[in-house]
Amino acid sequence: MRRVAALIGFLIPLLAQAQQAPTYPVFENDKLPISLYKQRREAIESQLGASGAAILFTNPERNRTNDTDFRFRADSNFLYLTGFEEPDAVLVLAPGGIDIDGRRVREVLLVNESNPTSETWLGYRMGSQGVMSLLGVELALPNRRLGDVLEALGKTPGLKLARPLVPPDPSGLVATMSNSVNEWRKGLASNDLNVNSALAKMRVIKSPEEIVLLRKAAEASVMGHLEAMRSVQPGMREYEIQALVEYVFARNGCESVAYNSIVGSGPNSTILHYEADRRLMEKGDIVCMDVAGEYHGYAADVTRSFPVSGKFSPEQKAIYEIVLAAQDAGIAACKAGAPFSSAHVAAAKILGDGLLKLGVITDRNQLGRYFMHGTSHYVGLDVHDAHGDNTLREGAELTVEPGIYIKAGSPCDKKWWNIGVRIEDDILVTANGPVNLSAGAPRKVRDIEALMRQRGIGNIRLRK
């Protein structure tokens with residue numbers, strides 16, 4: 001009996017300690033597998049060589065106003081290599097191995113540790129133990145031990161550090177840590193590898209697991225566009241549609257918008273990155289709506305243009321049909337092995353021919369007055385993703401987004417003024433041709449007008 005009592009007396013403090021120890025909850029099971037992150041780190045390590053090393057920082061937290069910060073978003077390269085979504089972190093890659101606490105390791109992730117106080121004020125932290133068990137990093141340590149890791153790394157014979165070492169616009173603890181690294185590295189040789197460039201090439205080609213997340217981002221974005229088309233009506237403010245689509249994104253699992261939502265009506269439809277979203281929408285306006293969600297870090301980028309009243313005017317329809325034909329040509333050009341510029345070349349020809357036929361321009365060289373941006377960019381962890389390849393490869397995803405924007409006062413017939421049309425979709429390059437991941441949002445005039453005759457949740461409004 002005494003032994004049992006002694007054992008219970010020994011276990012009670014341990015159980016109490018275990019109950020108090022912070023735990024990291026896992027709420028979702030569809031994130032990328034940890035094996036994929038490991039493969040990516042190993043790919044970079046293989047390019048560094050035995051005497052090479054890389055030190056990467058995540059983003060700093062950004063102040064919004066006074067004591068309020070913007071919601072944190074990890075640096076995309078850092079996220080690509082680790083899957084770690086918290087601030088104040090540093091990744092050290094040392095292919096030749098370094099000795100830390102009696103272990104020889106090739107990778108160390110330095111993070112904020114979790115404790116009851118941090119959980120009370122800031123929420124869950126993965127902590128070093130969580131990082132190793134949940135993300136599969138070989139060794140994780142509290143970020144206060146950065147000096148110990150640098151000391152161990154400095155013992156590498158012929159050590160050469162890859163570029164870059166300084167995070168963009170560092171601040172807060174990230175700045176403190178990067179300053180420590182800069183002071184420590186004085187006199188060290190540089191490795192030939194630029195990590196950002198190497199990662200850009202890797203990030204262009206999406207793995208099957210990434211494509212699943214990109215599809216989810218695109219599908220959630222499509223749902224937002226569908227609801228906007230059903231709900232829009234004269235007398236609504238642009239921000240009502242913005243709020244509606246962002247709700248739909250969140251309702252379909254997106255943690256964030258992929259970029260600031262653009263809901264531009266009437267004259268605002270001709271502003272490429274209009275973000276105020278405050279105007280009262282009127283009958284006869286066209287809306288150029290560029291909105292999309294971000295799912296587990298992966299972005300979509302989708303634009304649709306449609307009439308507030310539910311029916312295109314003859315002039316709006318004429319411009320719209322030109323843009324749609326240009327997009328069709330651009331999408332068809334997205335074939336593996338083709339130059340990245342193929343979609344732009346194909347779309348621009350259609351736009352020029354169309355505007356010449358309507359008399360909006362009198363010379364093809366005038367096209368830039370109404371179409372002033374490129375037709376494509378890669379999409380992935382960033383909405384304007386890393387551009388590491390000028391040849392389209394199987395597994396790449398890019399936008400095709402031609403547009404025509406005719407501002408009031410333009411040197412053409414006034415009937416064309418204040419018509420801005422852009423149609424944008426996310427195109428996956430495959431061996432069997434281009435696949436439109438956002439095709440669920442209607443593009444044809446008749447399909448848009450038919451959808452807009454339905455009643456959406458945005459039609460249910462509070463009395464003003």
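How far apart along helix α9 are R230 and E227, in helical turns? They are three residues apart in α9 (residues 208-231), so about one helical turn separates them. The model shown here is predicted: local features need pLDDT of at least 70, side-chain atom pairs count only at pLDDT 80 or more, and totals for chains, interfaces and linings use all residues. Residues are numbered from 1 along each chain as its sequence is written, and side-chain values use heavy atoms, with hydrogens and water left out.

View 1. R230 pairs with E227 in a salt bridge (a side-chain nitrogen of Lys or Arg within 4 Å of a carboxyl oxygen of Asp or Glu). Their closest N and O atoms are 3.4 Å apart. E227 has a relative accessible area of 13% and is buried. Buried means under 20% relative accessible area, exposed means over 50%, and partly exposed lies in between (1.4 Å probe, protein chains only). By the salt-bridge rule, the count comes to 24.

View 2. Helices (H or I, at least four residues) and strands (E, at least two) are DSSP runs, numbered from the N terminus. E107 forms a salt bridge with R41, and the closest N and O atoms are 2.8 Å apart. E107 belongs to β5 (residues 103-111) and R41 to α2 (residues 34-48), so the pair ties together parts that are 66 residues apart in sequence. E107 counts as buried, at 1% relative accessibility. R41 is buried too, with a relative accessible area of 0%.

**View 3. A salt bridge between distant parts of the chain.** R73 forms a salt bridge with E294, with 3.2 Å between the closest N and O atoms. R73 sits in the loop between β3 (68-69) and α3 (76-82), while E294 is in strand β12 (residues 293-295), 221 residues apart. R73 counts as partly exposed at 26% relative accessibility. E294 is buried, at 11%.

**View 4. A network of salt bridges.** Four residues are linked here: R203, K206, D382 and D385. Side chains of opposite charge can pair when their charged atoms come close.

**View 5. Helices α2 and α8.** The axes of α2 and α8 (residues 195-204) come within 11 Å and cross at roughly 135°. Axes are lines fitted to C-alpha atoms, for helices over the stretch in contact, and angles run from 0 to 180 degrees between N-to-C directions. The two helices are therefore oblique to each other. Angles under 35 degrees count as roughly parallel, over 145 as roughly antiparallel, 65 to 115 as roughly perpendicular and the rest as oblique. R40, A43, I44 and Q47 of α2 make the contact with A198, L199 and M202 of α8 (heavy atoms within 4.5 Å).

**View 6. An open sheet of three strands.** The order is β15-β18-β19, with antiparallel pairing (two strands pair if DSSP finds at least two bridges between them). β15 (397-400) and β19 (433-436) stand at the edges with a single partner strand each, so one side of each is left without a neighbour in the sheet. The twist averages 40° from one strand to the next. Four bridges join β15 to β18 (residues 425-430). V400 stands opposite D425 of β18.

**View 7. Strands β16 and β17.** β16 (residues 403-406) runs antiparallel to β17 (residues 419-422), and four bridges join them. I404 has V421 of β17 as its bridge partner. Both faces of β16 are covered: G403 and Y405 on one side, I404 and I406 on the other, are all buried.
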